[in-house]
Amino acid sequence: MTMSTKNQLAALMLAPLMGCVIPMPAQAQEPFFARKTITISIGYTAGGSYDLYGRLVARHIGKHIPGLPIVVAQNMPGTGSLKAAAYIYEVAPKDGTALGLVVESAALEQALGNPAAQYDAAKFTYVGRVATSNNIFMQWHSSKVQSIEDSRKLESSLAGTGPGSIAETVPRLINALAGTKFRLVSGYPASNEAMLAMERGEVDGASSSWAAVSVGKKEWLRDRKIRIILQTAPERTKELPDAPALPEIGTSTEDKQVYQLYASGSAIGRTVIAPPDVPPERVRILRDAFNAMVKDRDFIADVQRLNVELDPLPGERVQERIVRTLNVPHAVRERAKLAFGR
């Protein structure tokens with residue numbers, strides 16, 4: 001047999017085998033978040049409810065994200081958390097690795113023309129709400145002012161935590177519309193420092209969330225060191241039946257509408273946000289992870305250990321509420337702007 005004949009036979013024998021070659025699968029693509037770090041920027045200092053909820057999310061959301069990224073929390077106080085809001089909007093990476101918790105009234109401050117609101121709240125990515133909120137105004141037991149009625153007659157100093165914070169906007173609002181005589185002492189980074197100032201006697205009163213006070217200041221409640229004179233919820237809550245809700249103090253239809261607008265922020269509560277323009281597939285991953293987290297037994301056990309509220313809402317639903325907030329009726333917007341001198 002010649003060499004040429006052998007080559008022909010070899011080719012004939014290999015031909016069927018060549019048709020049966022099975023391609024090897026390509027290496028599975030690594031999830032985007034694998035070996036990444038997600039940073040949650042919290043708009044206030046440690047010790048308050050924003051910090052509490054931000055770190056709660058940081059402890060649990062990572063295990064529900066494909067790739068199991070590391071999740072860390074950092075505090076970024078300033079301008080009533082609007083500094084953090086501007087950072088998330090303008091500077092933070094838009095790839096899904098940056099999240100944040102900022103003041104619940106961020107959209108409202110934009111709608112009412114607060115110059116510190118350097119963002120478009122409609123363009124944030126809303127991942128999900130952990131809980132609603134109820135902010136309270138309290139007076140130290142030694143203060144002459146122990147009710148809203150008292151505050152219409154007597155001056156009382158309140159610790160302020162920035163021009164975009166509820167601690168400052170609500171007192172300014174009710175001073176203008178309800179004739180209260182609160183005197184703001186600005187410069188405190190967050191509610192934890194504000195409450196410490198009240199305890200030291202630097203101011204007569206302060207503001208914080210009910211969640212932070214009920215968890216971190218149980219001895220104040222037990223020993224009646226504070227008097228809660230106002231809550232910013234739309235109506236009185238069962239935990240605070242003796243403290244008037246913000247809409248109650250309005251005496252005209254127009255003023256009640258303005259107060260109701262501010263009270264509506266409690267529905268936004270402690271919401272996790274991300275920058276604008278995050279790729280849609282990563283928004284879906286983050287929202288799915290959030291929705292899985294709030295049903296996770298370990299997460300719920302942590303919430304119960306902290307003794308705080310859990311009232312989750314998907315990001316899409318939060319987005320709808322934000323849009324409604326930004327569409328403030330003209331008459332209400334102008335009434336509120338007039339109260340703030342904007």
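## Around Asn 114

Asn 114 touches Leu 82, Glu 109, Pro 163, Gly 164 and Arg 342, leaving aside residues up to four places away in sequence. Contact here means heavy atoms within 4.5 Å. The model is predicted: local features need pLDDT of at least 70, side-chain atom pairs count only at pLDDT 80 or more, and totals for chains, interfaces and linings use all residues. Residues are numbered from 1 along each chain as its sequence is written, and side-chain values use heavy atoms, with hydrogens and water left out.

Asn 114 sits in the loop between H4 and strand E4 (125–131). Helices (H or I, at least four residues) and strands (E, at least two) are DSSP runs, numbered from the N terminus. Asn 114 counts as buried because its relative accessibility is 6%. The cut-offs are under 20% relative accessible area for buried, over 50% for exposed, and partly exposed in between, with a 1.4 Å probe and protein chains only. Gly 205 is 91 residues from Asn 114 in sequence, and their C-alpha atoms are 24 Å apart in space.

## Helix packing at H6

Helix H6 (residues 166–178) packs on helix H10 (residues 253–263) at about 175 degrees, with the axes 11 Å apart. H6 is therefore roughly antiparallel to H10. On the H6 side, the contact uses Thr 169, Val 170, Leu 173, Ile 174, Leu 177 and Ala 178; H10 brings Asp 255, Val 258, Tyr 259 and Tyr 262. By class, the contact of H6 with H10 has eight nonpolar residues, one polar and one charged. Ala, Val, Leu, Ile, Met, Phe, Trp, Tyr, Cys and Pro count as nonpolar; Asp, Glu, Lys and Arg as charged; the others, Gly among them, as polar. Axes are lines fitted to C-alpha atoms, for helices over the stretch in contact, and angles run from 0 to 180 degrees between N-to-C directions.

H6 also meets H14. Their axes come within 8 Å and cross at roughly 95 degrees. Angles under 35 degrees count as roughly parallel, over 145 as roughly antiparallel, 65 to 115 as roughly perpendicular and the rest as oblique. Thr 169, Arg 172, Leu 173, Ala 176 and Leu 177 of H6 face Arg 335, Ala 339 and Phe 340 of H14 in this contact. By class, the contact of H6 with H14 has five nonpolar, one polar and two charged residues.

## The buried side of H10

Asp 255, Val 258, Tyr 259, Leu 261, Tyr 262 and Ala 263 are the buried residues of H10. They pack against H4, H6 and helix H14 (330–340). An α-helix has 3.6 residues a turn, so residues three or four places apart point the same way.

The largest pocket has a volume of about 440 Å³. Its lining has 18 residues, and Ile 226, Arg 227, Ile 228, Asp 242 and Ala 243 are the closest to its centre. Helix H5 (148–151), helix H9 (218–222) and strand E9 (226–231) each give two or more residues to this lining. E9 gives the most, with four. The lining of the largest pocket divides into 10 nonpolar, three polar and five charged residues. A pocket is an open set of points on a 1 Å grid over the protein atoms alone, with protein on both sides within 12 Å along at least five of seven lines; a cavity is a set where a 1.4 Å probe fits but cannot get out; lining residues have an atom within 4 Å of a point. Grid points are joined across faces, edges and corners, and a volume is the space filled by probe spheres set on the points.

The second largest pocket holds about 330 Å³. It is lined by 18 residues, with Thr 132, Ser 133, Asn 134, Trp 210 and Glu 309 nearest its centre. Helix H2 (49–60) and helix H8 (210–216) are the elements that give two or more residues. H8 gives the most, with three. The lining of the second largest pocket has six nonpolar, nine polar and three charged residues.

## Cavities

Five cavities reach 30 Å³ or more. The largest cavity has a volume of about 180 Å³. Its lining has 17 residues, with Tyr 44, Tyr 50, Asn 135, Ser 191 and Ser 208 nearest the centre. H2, H6 and strand E8 (205–209) each supply at least two residues of that lining. By class, it divides into five nonpolar, 10 polar and two charged residues.

The second largest cavity holds about 90 Å³. Among its lining residues are Val 102, Glu 104, Phe 124, Tyr 126 and Ile 322. Helix H4 (106–111) and strand E10 (270–274) each supply at least two. The lining of the second largest cavity has nine nonpolar, two polar and one charged residues.
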